Amino acid sequence: MKEFYLKPKFFSAIKSYSGSQFAKDLVVAIAVGMVLHLVFKFVFKNK
């Protein structure tokens, strides 16, 4: 029987992850969080 081994991609992807890419991802994450907050606030306020 062939052994199954699961290797997380995080460790191989983090090697090429730069500080500038982290800054871009952080800005996008904050923007998405703000938009979702406003959407949920509007949706649940009107129910």
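Residues are called buried under 20% relative accessible area, exposed over 50% and partly exposed in between (1.4 Å probe, protein chains only). The model is predicted, so local features need pLDDT of at least 70 and side-chain atom pairs pLDDT 80 or more, while totals for chains, interfaces and linings use all residues. Residues are numbered from 1 along each chain as its sequence is written, and side-chain values use heavy atoms, without hydrogens and water.

View 1. Helices (H or I, at least four residues) and strands (E, at least two) are DSSP runs, numbered from the N terminus. The C-alpha trace spans about 55 × 35 × 5 Å along its principal axes. Of the 47 residues in the chain, 0% are buried. The accessible surface is about 5,000 Å², and carbon and sulfur atoms hold 72% of that area. These areas come from the Shrake-Rupley method with a 1.4 Å probe; for residues, only the protein chains shown count as cover.

**View 2. The edge-to-face pair of F10 and F11.** Rings of Phe, Tyr and Trp (its six-membered ring) pair if their centres lie within 6.5 Å; planes under 30 degrees apart count as stacked, over 60 as edge-to-face and the rest as tilted. The model has 2 aromatic pairs by this rule. In one of them, the rings of F10 and F11 are 5.4 Å apart centre to centre, with 75° between the planes. F10 is exposed at 53% relative accessible area, and F11 is exposed at 52%.

**View 3. The stacked pair of F40 and F44.** F40 is partly exposed at 46% relative accessibility, whereas F44 is exposed at 55%.

**View 4. A nonpolar surface patch that includes V35, F40 and F44.** Patch residues have over 30% relative accessible area and no salt bridge; like charges are joined within 9 Å and nonpolar side chains (Val, Leu, Ile, Met, Phe, Trp, Tyr) within 5 Å. A salt bridge is a side-chain nitrogen of Lys or Arg within 4 Å of a carboxyl oxygen of Asp or Glu. The patch consists of V28, V32, V35, L36, V39, F40, F42, V43 and F44, with about 850 Å² of accessible area together. V35 belongs to helix α2, residues 19-45.

**View 5. K41 in helix α2.** K41 is exposed, at 53% relative accessible area. Between K41 and A13 there are 35 Å, C-alpha to C-alpha, at a sequence separation of 28 residues.
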